Amino acid sequence: MLIRAIAIAATTVTTAVVAGLTAPAALAGPTGPAAATAPGFLTGRDLPAHPSSPWHTGKVTRGLPETPPFCLSRALPATGAWHRGFGTDVDTGAVQISVRTASSAAAAKLAGALERKVAACAADWLRNMPGGTASWQDYGKLTVEEGAHVYGVHTSVPDSEPGVHLYGIGRDGATVTVVNWSQMGDLAHAPVKAFKKTTVTAVNKLNP
């Protein structure tokens, strides 16, 4: 039962995502006029289309989501953060988190730290999950504003459903955004091409 519970949490199934659409956020104190204004965010239409369900879009909310994205626990600062959750009628969900930092240099540092965290996620997860399997894929950099990068992570434990996650991390000026898409399955089921378009759109919508 413990293994099953951990596996379900790791896959960020729709139930958790939908709950996060209305969950109270951890509020952050503003760092200046820019931090008081939310960056531009994705809508459900910007996400990879699901074959059997529309996307349900939550409100843009100040602070971090109550449940952090898989791989990014304690990696994102609450100060200057905003988020929006997305869910479907099935097992697919997503969240976008954007952070207004104090400077372009601070944003570059944060984006680099997030990329390293995701790149190390599969190995870190395996160290804490004996008997599990995990893999990751670097899907490359994207040319948009100050740049973006897309990664995929797959995790699985015996007697439970596997989970697949895509991450788009990008920056425009002093603002960093990360988009996390998740569902049951493995990397072969991930809509990488469509998610790259989603990541480019996310960065282009930022207004630092």
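Strand β3 is mostly covered, with seven of its seven residues buried. The model described here is predicted. Residues A81, H83, G85 and G87 point one way from β3, whereas W82, R84 and F86 point the other way, and all of these residues are buried. In a regular strand, side chains alternate between the two faces of the sheet.

Strand β3 pairs with several other strands. Its pairing with β4 is antiparallel and extends over seven bridges, with F86 standing opposite A94 of β4. These two strands, β3 and β4, form a hairpin in which five residues lie between them. Strand β1 also runs antiparallel to β3, and two bridges join the pair; here H56 has G87 of β3 as its bridge partner. Strands β2 and β3 are likewise paired in the antiparallel sense, over two bridges, and T61 stands opposite H83 of β3.

The largest nonpolar core comprises 25 residues, of which L72, L76 and L114 touch the most other members. At least two residues of this core are supplied by each of β4 (93-100), α3 (104-119), α4 (121-127), β6 (148-156), β7 (163-172) and β8 (175-184). Helix α3 provides the largest share, five residues. When neighbours within four places in sequence are left aside, L114 is in contact with L72, A75, L76, I169 and V176. Apart from this core lies another, of 20 residues, whose members include L47, F86, L142 and A148.

The loop between β2 (61-62) and β3 (81-87) contains P77. This proline is partly exposed, its relative accessible area being 33%, a value that falls between the limits of 20% for buried and 50% for exposed residues. Beyond its neighbours within four places in sequence, P77 is in contact with L64, V99 and L110. Of these contacts, L64 lies 13 residues from P77 along the chain, and the C-alpha atoms of the two residues are separated by 8.0 Å.

Side chains of opposite charge can pair when their charged atoms come close. The count of salt bridges in the model comes to two. In one of them, K205 pairs with D46, and the closest N and O atoms are 2.7 Å apart. Residue K205 counts as partly exposed because its relative accessibility is 31%.

The side chains of R127 and D124 also meet in a salt bridge, with an N to O distance of 2.1 Å. Both residues belong to helix α4; because they are three residues apart there, about one helical turn separates them. The two partners fall into separate accessibility classes: R127 counts as exposed, at 61% relative accessibility, whereas D124 counts as partly exposed, at 31%.

How values were computed
Residues numbered from 1 in each chain as written. Predicted model: local features only at pLDDT ≥ 70, side-chain atom pairs only at ≥ 80, totals over all residues. Heavy atoms only, no water. Core = buried A, V, L, I, M, F, W, Y, C linked by side-chain atoms within 4.5 Å. Buried < 20%, exposed > 50% of the residue type's maximum accessible area, 1.4 Å probe, protein only. Helix = DSSP H or I, 4+ residues; strand = E, 2+ residues; numbered from the N terminus. Contact = heavy atoms within 4.5 Å. Salt bridge = Lys/Arg side-chain N within 4 Å of Asp/Glu carboxyl O. Pairing = 2+ DSSP bridges.
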